[in-house]
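Have the structure open as you read.

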Amino acid sequence: MSNVDTVRAAFAAYLGQDRAAMDRLLADDFVFTSPQDDHIGKGTFLEVCFPTAGRVRHQEILEAVALDAHRVHLRYEYELTTGERHRNVEVQTVRDGRISEVEVYFGGRFPQG
């Protein structure tokens, strides 16, 4: 599986709430950083962030591009169950077929269409 495929598989595991698959895709030393989370580890990510998919009505990956041998650039949009729509960018690091780091950069709301 390519690094881009690994990142896509993690998004599918999140949306499908397949915790076992996500656990396999994340490295033991996994680190997640976003404007709301400062370098949290795998356990905290799985307990706090992973269960939030229920608030997402629809999510679509717009771009998933390998930046180098380990990093994948990802741009996606999603719609919440409230109707709000957002776009975000992430840089994910994949080593030995597992995601070791995710850096999320929140985008703003955007109108439909």
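Buried means under 20% relative accessible area, exposed means over 50%, and partly exposed lies in between, using a 1.4 Å probe and protein chains only. The model is predicted: local features need pLDDT of at least 70, side-chain atom pairs count only at pLDDT 80 or more, and totals for chains, interfaces and linings use all residues. Residues are numbered from 1 along each chain as its sequence is written, and side-chain values use heavy atoms, with hydrogens and water left out.

**Salt bridges**

A salt bridge is a side-chain nitrogen of Lys or Arg within 4 Å of a carboxyl oxygen of Asp or Glu. The whole structure holds 10 salt bridges. Three of them are tabulated here.

| Pair | Closest N and O atoms |
|---|---|
| D23 and K42 | 3.0 Å |
| D28 and K42 | 3.6 Å |
| R57 and E79 | 2.7 Å |

Helices (H or I, at least four residues) and strands (E, at least two) are DSSP runs, numbered from the N terminus. D23 sits in helix α2 and K42 in helix α3, 19 residues apart. K42 is buried at 12% relative accessibility. D23 is partly exposed at 35%. D28 is exposed, with a relative accessible area of 64%.

R57 lies in strand β3 and E79 in strand β4, so their pair ties together parts 22 residues apart in sequence. E79 is buried, at 15% relative accessibility. Shared partners join R57, E77, E79, R85 and R87 into one salt-bridge network.

**Pocket and cavity**

On a 1 Å grid over the protein atoms alone, a cavity is a set of points where a 1.4 Å probe fits but cannot get out; a pocket is an open set with protein on both sides within 12 Å along at least five of seven lines; lining residues have an atom within 4 Å of a point. A volume is the space filled by probe spheres set on the points, which are joined across faces, edges and corners.

The largest pocket holds about 600 Å³. Its lining has 29 residues, with Y14, F32, R55, Y76 and E90 nearest the centre. Strand β6 gives the largest share of that lining, 5 residues.

The largest cavity has a volume of about 30 Å³. H58, E77, Y78, E79, R85 and F110 line this cavity. Strand β4 (residues 71–80) gives the largest share, 3 residues.

**Helix α1**

Which residues of α1 are buried? They are N3, V4, T6, V7, A10, F11, A13 and Y14. After α1 comes Q17, with a positive phi near 50°.
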